[in-house]
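Please open the structure in your viewer and keep the selection tool at hand.

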Amino acid sequence: MDLFGSFVIACSMYSRIPMPQVDWTENRMKYAMCFFPLVGAVQGCLLGLWLVIAAQFDLSVGIRFLWASAIPFLVTGGIHMDGFM
C-alpha cells in the first residue's frame, strides 16, 4: 500500500497544487478517496491564511472577500464552483 502515491493522486484530481508524478495504479486509486478530506483541509487552510493576512494588513472588506472568492477557484481550477456561485 502506497499512501503517499494515493495522496498525490487525490491532490492531482482536486487541486492545482503542483505534485510529483506517480503512476495511477489500481492499488493507489483504491485509497485516494481516503485523502479527499485532507485535500479540502489544505485548500481551507490556504483560504484561512489569506483571511488572516488580510486582517493583519487591515484590507478593505471588499478586497478581502473578492480574493476569498477567487482563492478556491485558483487552487482547485474551478471544480465545484458551480455550486459555490
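A residue is called exposed when its relative accessible area is over 50%, and buried when that area is under 20%. The model on display is predicted.

**First stop: helix α3.** Select residues 36–56, which form helix α3. This helix has 21 residues and spans 31 Å from its first C-alpha to its last, close to the 30 Å expected at 1.5 Å a residue.

Within α3, colour Val 39, Gln 43, Trp 50 and Ala 54, which are buried. Why do they lie on the same side of α3? They cover an arc of only 60 degrees around the axis, and therefore share one side of the helix. As a general rule, an α-helix has 3.6 residues a turn, so residues three or four places apart point the same way.

Now display the neighbouring helices. Which helices do the buried residues of α3 pack against? They pack against α1 (3–14) and α4 (61–76).

**Second stop: helix α1.** Select α1, which has 12 residues. From its first C-alpha to its last, α1 reaches 17 Å, close to the 16 Å expected at 1.5 Å a residue. Its buried residues are Gly 5, Ser 6, Phe 7, Val 8, Ile 9, Ala 10 and Cys 11. The buried residues of α1 pack against α2 and α3.

Show both helices together. Their axes come within 9 Å and cross at roughly 55 degrees. The two helices are therefore oblique to each other, and their crossing is right-handed. To view the contact, select Phe 7, Ala 10, Cys 11, Met 13 and Tyr 14 on the α1 side, together with Phe 36, Leu 38, Val 39 and Gln 43 on the α3 side.

Select Tyr 31, located in helix α2 (residues 26–32). Its relative accessibility is 26%, so Tyr 31 counts as partly exposed. How far apart are Tyr 31 and Ile 71 in sequence and in space? They are separated by 40 residues in sequence and by 27 Å in space, C-alpha to C-alpha.

Conventions. Residues are numbered from 1 along each chain as its sequence is written. This is a predicted model: local features need pLDDT of at least 70, side-chain atom pairs count only at pLDDT 80 or more; totals for chains, interfaces and linings use all residues. Side-chain values use heavy atoms; hydrogens and water are left out. Helices (H or I, at least four residues) and strands (E, at least two) are DSSP runs, numbered from the N terminus. The expected span of a helix is 1.5 Å times one less than its number of residues. Buried means under 20% relative accessible area, exposed over 50%, partly exposed in between (1.4 Å probe, protein chains only). The arc is that of the directions from the helix axis to the C-beta atoms. Contact means heavy atoms within 4.5 Å. Axes are lines fitted to C-alpha atoms, for helices over the stretch in contact, and angles run from 0 to 180 degrees between N-to-C directions. Angles under 35 degrees count as roughly parallel, over 145 as roughly antiparallel, 65 to 115 as roughly perpendicular and the rest as oblique. A crossing is left-handed if the near helix is turned anticlockwise from the far one by less than a right angle, and right-handed if clockwise.
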